[in-house]
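Could you read the points below with the model open beside you?

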Amino acid sequence: MDWNWNRIPAEYLVTNVKLARGGKLSKRKGFLHIQKGRVQALGVGEPSREGVPVLDGGGLVCAPGLVDVHVHFREPGQEEKETIATGVRAAAAGGFTSVVTMPNTVPPIDSAPMVRYLLDRADEAALCRVFPTAAISKGLGGETLTEFGDLVRAGAVGFTDDGKPVMHGKLMQFALQYAKQLGVPVTCHAEDCTLSGSGVMHAGYWSTKLGLSGIPRLAEDSMIFRDVELAKATGGHLHVAHVSTKGAVEIIRRGKEDGVNVTGEVTPHHLSLDHSSCRDFSPHFKMNPPLREEEDIEAVTQGLIDGVLDCVATDHAPHTGMEKELMFDQAPFGVVGLETALAVCHTYLVLEGKMDLGVLVGRMTEQAAACYGLPVGTLEEGAEADFMLFDPDERWVVDPAKLAGRSRNTPYAGKELTGRVKATFLKGRLTWHDAAED
Amino acid sequence: MSLDRKDLIGLEDLSRDEILSILNTAEAFRSVFDRPVRSVPIMRGKTVVNLFFEPSTRTRISFELAEKRLSADIVNFSAASSSLKKGETLRDTAQNIEAMKVDMIVMRHSSPGAAAYLGRVLKASVINAGDGPHEHPTQGLLDIMTMRQRLGNLEGKKVTIIGDISHSRVARSNIYGLGRLGAEVTVCGPPTMVPRAIAKLGAKVELDLAKAVAKADCLNILRIQLERQSQMVFPSNREYALMYGVNEDVLRRTKPECFVMHPGPMNRDVEISSDVADGPRQVILEQVTNGVAVRMAVIYLLSGGDPGSLGAGE
């Protein structure tokens, strides 16, 4: 029976695929049997189910739908950069079926009605599961706790003032204590603003050469040190966003060894690019934390391999072309990442021999979901069928004009990457496929 | 040789030969200054726009004079507020100006990289008149011209730059330009103002002022931006003057022929004492005169001028 991308049936088989599950990539070909949005069966070999439509996977990798625990979808308030609808489209194009949104919208997500609003908008778009985090402090002001209990009941999966640090130590302590009672993590954007000051890129050779103000590693490390100690003292779950320094990896490593409930994430750009990328003053390489040095790339990579850093998260941060047309010191921080995340990690980690694809997929699915206790990221019999198909051999050049999201601010424009998401399925339903572009 | 480039963004980009060609051309223009008629008609009919996004008095006047002495048509544009505040990008502003058909833009901007950006998006020539703490190539060239007048060949000569190295475009341009000509650059200043990585740009670091000046042939003293004090970079003007101010006592520790430069404007009795600023060892006003000549040379050479026709061949 011919496969019709435009009419995905309620029951079908995906055959001739290598399944990536539980941190391992199967060497043998296998299959998925989908029925009414759930995984009816899966395994190796050839299924024999007469009359069920078949999608021949052609030897592609079949993995759980990817999980990104750090995205900025900008709605409400900055819809010129991204909306929930365009954000989930970018997510689907990148192989993601679950994302965790950051609350620094305008106004911020700091009350239960705002959380419900986000969930409603995500339901309308219906291309990706959206799990909102809520602000730690009212209005992201850094002074008063938001109503954590009410927010969790409305659907918030964690708390963060991401984009800004919580400079007030006692507020962070209370947040960890309170969130612990509710069983959700507090996520830190680790930056001591008195140390980062007016910095716009990593403090080092290139900032000195270019005459741009530097953000020292210490601004990040000292804050992570404080927060790990607070997590240790309170027993709360600390999730460290976008770890970028070798020192931070060591602090988290020691915390984990001491039994602190701490998890960490690293972005594809901090795994692949260093501060020399800023040499031409392009704001497409301006993000916070900044691109660091080779030794930091090695440390965060090793951290991800060891599991000190639990997962890859994109920190997908869309900005308009006009904003990124500003001078480096004036342009906003942030890059988009959803549509290049897997290909970048595959190109820079797997093909460089640093990590198995199976392990990488685990760090972009199960282990990402575990950071926020999300019930997604695995392929199991009976579970809802969130999965994606990935061609590890396809080479492609990143063309910002072809991105599915609203913004174009990728640091990988013009770069050739190896590995491409071919199709994404949410609850058995197709949310994106490669051929749709042709 | 003429300059085979559209823009002058920084001394980092220039070869030794290009720098020497500019300096020789500048000397030829400098010799015209002592004549009754100081202008030459070689830029007649060309339009130069001075685009200053940051306040500047002496650099702007120096460029204006250079342009007038070359007989160019000049338009001045000063904007205290950045283009960002007006909701217009630098590209929009610059393309609007270019659409009015101009040949050259001289720009000062607070953002590092602004001049390079402008050079990329415009067909007109761009001269960087200072892009944040990044580069200030014509200042570097006029400093080097002044040193060369005193010292001749700069190979092996020792230049000490004193002040806020972190935030100084003058320091960076000096380090690159002097390095090309074989001079040895030492930087000195409070540890909070001297970034560690500056050594990798080709300068020696010596934070002890007495040691830093001992063997120098020339001291280039940078202006301290007093507003930095509020950023806790140094405790007070008094403390700065005490530890890093160049005064007669400091000069006594130098070689007798060592001379003093300052890019201006000076904070008298902070980074430089008045007796030094007005004393026999300073060449500060020569720098100012040379500034006009260097800017004439740069404008002339970027416009395709041939230094040989001025009798300024090597």
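Predicted model: local features only at pLDDT ≥ 70, side-chain atom pairs only at ≥ 80, totals over all residues.

1. Residues are numbered from 1 along each chain as its sequence is written, chains are lettered from A and ligands numbered from 1 in the order in which they are written, and side-chain values use heavy atoms, with hydrogens and water left out.

2. Helix α4 (residues 114-121) of chain B is largely enclosed by the rest of the structure, because 7 of its 8 residues are buried (buried means under 20% relative accessible area, exposed over 50%, partly exposed in between, with a 1.4 Å probe and protein chains only; helices are DSSP runs of H or I, at least four residues, and strands of E, at least two, numbered from the N terminus). Among the buried residues are B:Y117 and B:L118, and the buried residues of α4(B) pack against β1, α3, β3 and β4 of chain B (contact means heavy atoms within 4.5 Å).

3. The structure holds 10 aromatic pairs over all chains (rings of Phe, Tyr and Trp, the last by its six-membered ring, pair if their centres lie within 6.5 Å; planes under 30 degrees apart count as stacked, over 60 as edge-to-face and the rest as tilted). One of them joins B:F29 and B:Y300, with ring centres 5.6 Å apart and planes at 85 degrees, so the pair is edge-to-face. B:F29 lies in helix α1 and B:Y300 in helix α11 of chain B, so the pair ties together parts that are 271 residues apart in sequence.

4. The charged end of B:R69 sits over the ring of B:F33, 4.6 Å from its centre (NZ of Lys or CZ of Arg within 6 Å of the ring centre and within 35 degrees of the ring normal).
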